[in-house]
Structures are given as structure tokens and as C-alpha cells.
Amino acid sequence: MLTADLVDVRRVGKELRIVPLDARVRARATELAGLFLHLARVHVGRSREEFEEACAAVASGPRERRLCAGLCKLIEDRCEFDAEAPVDPAELRSEVFLRASQARTEGTFERKSLVARIAEERSLSESALEQALYADLRSAHMLKSVDAIAPAALVEVYELAQAQAVLLRAVRIIVEVDCRTPGAYRALFQKLKFLRLLYSIQSRREGGYRIEIDGPFHLFESVTKYGLQLALALPAVRACDSFHLEAEVRWGKDRVPLTFRMQEQNHPSGPAAEPPRLCDEVTRLIQSLQALETQWTVSPSTDILNLPGIGLCVPDLVFRHPAMSTPIYLEVLGFWSREAVWRRVELVESGLSHRILFAVSKHLRVSEEVLGDELPGALYVYKRVLNARAVLDRVESLAARAAESSAQKAQPSTELPKAPCSTSR
């Protein structure tokens, strides 16, 4: 992931634009990427400091410094570094410094002989001991392996990483997306949910959806952690057939408010997005539910529950019973945020007809009584982990409400028809 200082941008009025790579610069970037990747491969088994010094020695022009730094950063992200040491470096330093201090006090200090004695006591060579002294420092970490990638592909990653770095400074993002299949929408929404982003989604009259996402600079929580999650959502957005993104960002040391735009229209085949995944707590819940003796079946949901004009939600699981024609849904909000919970409450209160249970951690300080029994939704507040039996009890309660509501609607009216009012002429 790139940082803001490694992004090549320019300001045009109130708009922030990434400087695009023209044909000449792209060719040069591909050449540099090949050089840096080669250096990474030949430095496997050597220290990070040696690798960084070799990259810094590559000839480049003054205008290429940010490009070089960005490419090197992305390559380092693909490298595996490890602190190799036969002994604990901190413990070894403590012993060496303590014995050197004692030797100086006695007037017998001689560095080479002291290192030789300690190396012999620890069954190490002198060079191995010298290397182990500071093996835990970042610069001394050994390059173990490099995740292979073609130079041209690395340049494409660099272009995407620049946009991701800009979004790290976002206050709010609005994305309008169009996909050819419902499954593609579901994959995008599930990715946003998996990353625990705070978002709202509305369908558009002309087709597709409008997604509003709170940016990291809108929140009072960890800006860096949320920002990284937001940046990871961009590949899923780009996998849509068409999208238009507009972000309000705070740029530079003075946090100047600017607008950043990004779009792709009629994308023939977007970058492959990761398949939707369920979070670990939902996966464990499915396993626990399947171990219970019940007629209910549970499976990952593929539905999108939409309330036109208000918004939609993407449930995680769907419960079905052979005696019921309508399913019960479950969305796990967990430790997400109080605002996300209130948005779901508003959705139910505004008329969402589907029976749905929202699972919320007690740390969000929301009461189960927020949604009344007359509504088709309910809250399940749990302490540490989702309890399968408690979830099933609440699913059955929602099912009972649905059956009671259906029975009331089916009962014939017992009220006598009112006599027509007479009017004088």
C-alpha cells in the first residue's frame, strides 16, 4: 500500500487529480519495475539494508524519484523478511554490553577478545555473533522470498495503489455502480460488509446502485485501520462493469478539502474480484447451528433486501423451515458500529417487510427492545461470541410473529357493515 507522499497528484481548482502515466512514462515505469524486481530476486538471503541500498543506487531522473519510491514500496510489500538469529538479539546485547562495561571498569577491555570469548561460550563463530547482535533491527532483517509479478503488472498495481492512497484521506465517498448480473452486486456488497465499512446503499431509477461510504477522516476511531479497509474495497468497485466514484478528501498538511473523482465506463472485464467471504464468527455460527437438532436449515444468503427510497441490507445467513413459505434472515453486525445498527433499525421501521434478525455485540450499547414485537425485525445482543441456540430461539420467535400476523390477516372481519348515511335534499 502506498502512502500519500508517494502519490503523484496535482490540484486543479478544488479537484485533486492523479497524474496519469502516458505511454513514455509507462514504458519507463515498466523498465524500472523490472530492475527493482531483479534486485529483489538477487538479494534473497541478504539484509533489507543491502536491498534498499541497491535500489537507491539505480540511476533515475529527479522527476522519477516518487515513481521509484512507489515501485520499491510495492515490491517490499511483496517481500518476506525475517529476523534470523541463533540467539535472542536483545539478550545477547545485554550480555555483551554488561561484560564490556565490567571489562572497562577493570581496565582489561579489548573488543575482539571479548567477542571471541562470548562466541566460544555460545558455540558461535565471531561473525555469527556480530550478525546476531542487531538481527532484530529492521535494516538487518533477511530477505527470504519475493512474490513474483511481471513488471507491467506491477505498474498496474502502482496505478491502483495511488488511488487507494488518496482514499486514505477521504471524508466521504459516493460510488455509482452498474453490473450485468445480480451476483456481481452481491459480491461487491459482501466485500464492503466483510471489510466492516460504514455504508448505505440505494437503488437508482436508471439502474444500478448508489453507495455512500463514510471515509476514515469522517470517523473518530482509528483512521489508519479503517482507511486500509476502505482502500481494499477499491478493487471490488473496479470489478463492476461501470462505476463513477467521487470522494471528498482532506489533502496535505493543512487538510485542504478537495474532490477526487475516478470512473470507468463499459469496462469489458474488470479485474478479478475476490470471491465473497463470510467473517470467521459467521462461519463458526453456521457450524454450531448445523450441530443442533432442528428442522431449520441455515445457509449463506444470496439475497439483497431492498426498500426503495430508503436503502438496503445484505444479510449473511438465511433460515428456512419446511412449514414456512417465507425465510428468516440474519445479519451479523458484531462490533461494527452503533451507527450501522441504527441504520438497520431505521430500515425496518421504515417498512422493510422481510423477517430479519440483527446480531449486535453488547459493546455497541444497543438494547434488544429498540425493535418492538410488532415489527418484522429483531435484535440479538450477545456478549463475546454468537450463541447458536440463542440465535435459533430468536429466529423461531420471528417465525411465530410471522405466523400470527398471517393468521390475523386471514381471519374474516366480524364487524357489521355500516348503514349508509341519509342526506336531506
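The model is predicted: local features need pLDDT of at least 70, side-chain atom pairs count only at pLDDT 80 or more, and totals for chains, interfaces and linings use all residues. Residues are numbered from 1 along each chain as its sequence is written, and side-chain values use heavy atoms, with hydrogens and water left out.

Let us begin with a sheet. Helices (H or I, at least four residues) and strands (E, at least two) are DSSP runs, numbered from the N terminus. Two strands pair if DSSP finds at least two bridges between them. Five strands make up an open sheet in the order E10-E13-E14-E15-E16, and their pairing is mixed. At its edges lie strand E10 (297–300) and E16, each of which pairs on one side only. On average, neighbouring strands of this sheet are turned by 25 degrees against each other, direction ignored; the axes here are lines fitted to C-alpha atoms (for helices over the stretch in contact), with angles running from 0 to 180 degrees between N-to-C directions.

Now look at E15. Is this strand enclosed or open to the outside? Six of the six residues of E15 are buried, so the strand is largely enclosed by the rest of the structure. Buried means under 20% relative accessible area, exposed over 50%, and partly exposed in between (1.4 Å probe, protein chains only). In a regular strand the side chains alternate between the two faces of the sheet. In E15, Ile 356, Phe 358 and Val 360 point one way, while Leu 357, Ala 359 and Ser 361 point the other way.

E15 has a partner in strand E14 (residues 328–334), which runs parallel to E15 and is joined to it by five bridges. Here Gly 334 stands opposite Val 360. To get from E14 to E15, the chain passes through helix H11 (residues 338–349), and this β-α-β crossover is right-handed: with the strands pointing away from the viewer, the path from the first strand over the helix to the second runs clockwise. E15 also pairs with E16, in the parallel sense over six bridges, and Ile 356 has Gly 377 in E16 as its bridge partner.

The loop between strand E15 (356–361) and strand E16 (377–382) holds His 363. With 48% relative accessibility, His 363 counts as partly exposed. Not counting residues up to four places away in sequence, His 363 touches Phe 335 and Lys 383, where contact means heavy atoms within 4.5 Å.

Elsewhere, strand E7 (residues 209–214) runs antiparallel to strand E5 (residues 170–178), with six bridges joining them. E7 also pairs with strand E6 (residues 199–203), in the antiparallel sense over five bridges. E6 and E7 form a hairpin with five residues between them, and Gly 207 in the turn has a positive phi of about 105 degrees.

Next, visit Arg 48 in helix H2 (residues 48–56). This residue is buried, with a relative accessible area of 10%. Its side chain makes a polar contact with the side chain of Glu 76 (3.2 Å). A polar contact is a pair of N or O atoms within 3.5 Å; within protein, one must be able to donate a hydrogen and the other to accept it, and residues adjacent in sequence count only if both atoms are side-chain atoms.

Finally, how many disulfides does the structure hold? There are zero disulfides, a disulfide being a pair of cysteine sulfur atoms within 2.5 Å. The sulfur of Cys 240 is 3.5 Å from the closest cysteine sulfur, in Cys 179, which is too far for a bond.
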